[in-house]
Amino acid sequence: MIKLSKASKMPCRSWSLEALVTCPASIEPTTGELVDACKGCYATTGNYRFPNVKAPRAHNKEDWKRSAWVADMVAELDNDRYFRWFDSGDMYDIRLARKMLQVMEQTPHCNHWLPTRMHKFPKFNEVINVMSSLSNVVVRLSSDSVLGDTINTELPTSTIIPTLDHADSTMSVCYAYEREGKCKMCRACWSKDVKTIAYVAHGVSMAKIIREKYVTIKLVEAA
């Protein structure tokens with residue numbers, strides 16, 4: 001059974017998994033710790049902790065393995081014009097990624113946005129590139145930075161910036177924070193013409209992470 005979710009911010013539905021446990025690229029391989037951008041993950045707090053929110057994500061982790069999953073997803077998206085993959089989680093398995101590609105190919109009427117860190121693993125690059133070649137798909141590679149650093153790639157990207165002042169001319173700032181946390185009429189994340197989306201950091205946890213990052217940088221510079 002297909003179980004989609006609808007985050008309050010989003011103008012569309014999404015298909016999601018459990019945060020962190022399906023996010024292998026959120027781990028820094030040299031330290032085993034979460035990358036900076038994932039330390040304050042919104043999908044581990046608030047409503048995401050409720051059993052009724054966690055249950056469909058746990059269900060989806062097994063459901064995608066069904067032989068009929070692609071056909072069921074295509075049928076489910078028949079009337080959708082915008083769709084987000086993963087308001088929590090990531091395409092942690094290459095077999096899932098290939099099935100997602102089939103869904104994208106078979107729903108040309110629907111604009112798909114896929115934020116992901118799985119580009120870090122070379123075996124995902126081919127399917128990511130094929131996805132990105134589709135006119136109705138934007139694969140947006142997520143930076144691990146909370147200081148506005150971006151990924152050097154031809155594909156669309158996203159990053160977190162400490163404040164609005166940290167945005168540069170190459171970035172398109174997400175102003176959802178000025179709209180009660182909602183996209184409303186904005187569809188920049190789904191646009192191939194938008195190179196980099198900059199999300200302004202918010203929340204106590206993220207503020208603490210940024211402060212600690214700046215302290216670390218100053219210590220390194222002083223050494």
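1. Helices H4 (residues 94–105) and H5 pack with their axes 10 Å apart and at an angle of about 15°. H4 is therefore roughly parallel to H5, a label for angles under 35 degrees. Axes are lines fitted to C-alpha atoms, for helices over the stretch in contact, and angles run from 0 to 180 degrees between N-to-C directions. Helices (H or I, at least four residues) and strands (E, at least two) are DSSP runs, numbered from the N terminus.

2. The model is predicted: local features need pLDDT of at least 70, side-chain atom pairs count only at pLDDT 80 or more, and totals for chains, interfaces and linings use all residues. Residues are numbered from 1 along each chain as its sequence is written, and side-chain values use heavy atoms, with hydrogens and water left out.

3. On the H4 side, the contact (heavy atoms within 4.5 Å) is made by Ile94, Ala97, Arg98, Met100, Leu101, Met104 and Glu105, and on the H5 side by Val127, Val130 and Met131. Eight of these residues class as nonpolar, two as charged and none as polar. In this scheme Ala, Val, Leu, Ile, Met, Phe, Trp, Tyr, Cys and Pro are nonpolar, Asp, Glu, Lys and Arg are charged, and the others, Gly among them, are polar.

4. The sheet is open, with seven strands in the order S1-S2-S3-S4-S5-S7-S6 and parallel pairing; strands pair if DSSP finds at least two bridges between them. Strands S1 (13–15) and S6 (171–174) are at the edges with a single partner strand each, so one side of each has no neighbour in the sheet. From one strand to the next the twist averages 30°.

5. H5 (residues 125–133) also packs on this sheet, where it touches strands S3 (111–116) and S4 (137–142), and its direction makes about 135° with that of S4. Five of the six residues of S3 are buried, that is, under 20% relative accessible area, with exposed set at over 50% and partly exposed in between (1.4 Å probe, protein chains only).

6. Two strand pairs can be checked by residue. S2 (residues 82–85) joins S3 in the parallel sense over three bridges, and tyrosine 82 stands opposite asparagine 111 of S3. S5 (residues 157–161) and S7 (residues 196–200) run parallel and share five bridges; threonine 159 has alanine 198 in S7 as its bridge partner.

7. Two loop residues deserve a look. Leucine 20, a residue other than glycine, has a positive phi near 70°; leucine 20 lies in the loop between S1 and helix H1 (36–39) and is partly exposed at 34% relative accessibility. Glutamate 180 has a positive phi near 60°, is in the loop between S6 and S7, and is exposed at 69% relative accessible area.

Technical notes:
Parallel < 35°, antiparallel > 145°, perpendicular 65-115°, else oblique.
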